[in-house]
Amino acid sequence: MKKVRIGVLGAYRGTSMINYCKRADHAEVVAICDKSPEALDAQRQYTEGLNVTFYDNFDDFIHHDMDAVVLANYANEHAPFAIRCLKRGLHVFSEVLPVQTMKEAVELIEAVEETGLVYAYGENYCYMPAPYEMKKLYEAGEIGEFEYGEGEYIHNCESIWHSITYGEADHWRNCGYATFYCTHSLGPIIHATGLRPVSVVGFEGTKNERRLRTGCKSGQFGIEMVTLENGGIVKSIHGDLYKNSIWYTMYGSKGRMECGREDAMNGHIARIYVNTDEEDGAYDRPCFKDYYPTHGMEDRVQGFGHGGSDFYSMYHFINKINGDDSADIIDVYEALDMFLPGLFAYRSVLAGGVSVEIPNLRDKSIRDAWRCDVACTDPKVAGDQLLPNFSKGTPDIPQSVYDRMKQLWDEECQKTEGTYRQAALTQGSKQ
């Protein structure tokens with residue numbers, strides 16, 4: 001296969017993708033771009049011996065001689081860079097999230113359609129052992145037709161908030177809304193079933209003491225109750241409850257499957273439990289099994305984050321570029337199926353918890369209605385369509401909170417011989 005030349009925007013989270021290119025025989029990293037001199041210094045050390053060019057601005061980086069770009073920059077800024085890359089003739093691997101606004105969603109879809117290039121969404125939780133096995137089993141008809149599912153991505157980040165926001169008051173993690181970061185919890189069920197979400201009711205966790213202590217302005221957690229095109233329903237919950245939980249379950253017309261719970265200490269996300277009947281209504285012949293599913297490349301995923309899923313998302317992206325039509329990427333339409341429920345769930349919250357229709361942007365005839373919709377919580381983008389970060393009003397957080405976060409970040413970096421290097425490379429495993 002052709003050795004695909006990769007450029008990486010975002011030297012912290014991008015470390016995982018750089019690591020993939022260092023070890024792969026069908027990809028190589030040729031350029032790295034970041035606004036932080038410390039981050040670039042860290043990557044110069046990490047990629048020593050490789051033929052890599054470093055850039056501190058995107059305008060120069062995008063003209064480098066390469067085939068594809070990994071976007072590992074801030075989660076609310078992926079779409080504008082993705083569109084520029086596509087129009088430049090570059091394939092795109094976009095970290096989460098795909099867009100911030102409906103305007104960006106329309107423009108991103110049309111850029112992919114116009115160029116015909118590969119766009120792959122890096123929702124790595126879809127490739128974790130148990131969720132990925134759920135996809136295989138569902139496609140094989142193991143549980144019948146999907147009826148109900150739940151996805152959880154609970155992550156109490158208070159102890160590491162300084163190391164993922166760097167004390168920046170306007171960091172995207174501080175300035176989002178409760179249902180924004182929804183694709184880790186919802187994405188694996190969308191990917192497994194292939195069903196499109198058609199409507200959503202949103203809920204916002206209104207207690208936010210931990211958020212305020214760290215400088216985050218949103219509600220503490222978000223919930224999306226999503227109706228899919230076949231009438232099935234998904235509960236998606238994510239955010240900052242006190243104890244962590246990653247968990248998925250799916251109910252079908254003849255059975256159920258779920259991954260292990262973390263607290264059970266029996267394999268967690270790497271273990272799956274399946275309880276099915278041979279056919280709908282065959283209650284006297286149940287089949288129960290639990291096991292550790294395998295992809296067949298376990299020897300190659302050692303050292304990759306998120307249960308090895310960081311390896312598989314890049315593996316399929318590179319194979320797709322090389323013409324493998326069976327490569328299991330998450331394309332632009334599916335990426336938006338994972339994200340739009342969170343965007344419209346917050347509109348549901350602001351409207352008092354009503355059900356809100358999720359537009360099908362595959363239908364070109366409805367796109368014009370959304371071309372000027374920039375409603376979001378980012379003042380640089382939203383203009384007069386700016387939304388509050390919290391349904392009860394954006395809280396006023398004193399600068400001293402961010403000063404404290406910055407102090408903690410500086411202290412963490414000073415522990416690594418006065419440089420950002422170790423801290424920067426550590427960020428490669430964090431979303």
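What follows starts from a sheet and moves on to helices, loops, cysteines and rings. What is the order of the strands in the open sheet of nine strands, and which strands are its edge strands?

A: The model is a predicted one. In the open sheet of nine strands, the order is E14-E13-E12-E11-E7-E10-E9-E8-E15, and the pairing is mixed. The edge strands are E14, residues 286-291, and E15, residues 356-357; each of these pairs on one side only. E15 is joined to strand E8, residues 197-204, by two bridges, and these two strands run antiparallel. To find one of these contacts in the structure, look at Ser199, whose bridge partner in E15 is Glu357.

Helix H11, residues 332-350, touches E8, E9 and E15, and its direction makes about 50° with that of E8. Helix H8, residues 183-193, lies across E7 (146-154), E8, E9 (221-228), E10 (233-239) and E11 (245-252). The direction of H8 is at about 150° to E7.

His268 lies in the loop between strand E12 (255-259) and strand E13 (272-277). Its phi is positive, at about 50°, although His268 is not a glycine. Most residues other than glycine have a negative phi, and most peptide bonds are trans. His268 has a relative accessible area of 18%, so it counts as buried. The other loop lies between helix H7 (161-165) and H8, and Tyr166 is found there. Tyr166 also has a positive phi, near 60°, and is not a glycine. With a relative accessible area of 13%, Tyr166 is buried.

Strand E1, residues 4-9, pairs with E4 in the parallel sense over four bridges. The bridge partner of Ile6 in E4 is Ala68. E4 also pairs with E5 in the parallel sense, over four bridges. Here Ala68 stands opposite His91 of E5.

Leu97 is in the loop between E5 and helix H5 (102-115).

Next, the cysteines. A disulfide is a covalent bond between the sulfur atoms of two cysteines. How many disulfides does a search of the whole structure find? The count is zero. The cysteine sulfur closest to that of Cys175 is in Cys216, 8.1 Å away, and this is too far for a bond. The cut-off for a disulfide is 2.5 Å. Cys216, for its part, is in no disulfide, its nearest cysteine sulfur being that of Cys175. Cys216 counts as buried because its relative accessibility is 2%.

Last, the aromatic rings. There are 21 aromatic pairs. In one of them, the ring centres of Phe93 and Phe317 are 5.5 Å apart and the planes stand at 55°, so this pair is tilted. Phe93 belongs to strand E5, residues 91-94, and Phe317 to helix H10, residues 309-321, so that the pair links distant parts of the chain, 224 residues apart. Phe93 and Phe317 are both buried. Phe311 and Tyr312 form an edge-to-face pair, with 5.1 Å from centre to centre and 85° between the planes. Both Phe311 and Tyr312 are buried. Ring pairs also link Tyr125, Tyr153, Trp172, Tyr177, Phe180, Tyr181, Phe339 and Tyr346 into a cluster.

Charged side chains also meet rings. The charged end of Lys22 sits over the ring of Tyr46, 3.8 Å from the ring centre. Arg261 lies over the face of Trp247, and the distance to the ring centre is 3.8 Å.

Note on methods. Residues numbered from 1 in each chain as written. Predicted model: local features only at pLDDT ≥ 70, side-chain atom pairs only at ≥ 80, totals over all residues. Heavy atoms only, no water. Phe/Tyr/Trp six-rings, centres within 6.5 Å; stacked < 30°, edge-to-face > 60°. Buried < 20%, exposed > 50% of the residue type's maximum accessible area, 1.4 Å probe, protein only. Lys NZ or Arg CZ within 6 Å of the ring centre and 35° of its normal. Pairing = 2+ DSSP bridges. Contact = heavy atoms within 4.5 Å. Axes fitted to C-alpha atoms, helices over the stretch in contact; angles between N-to-C directions.
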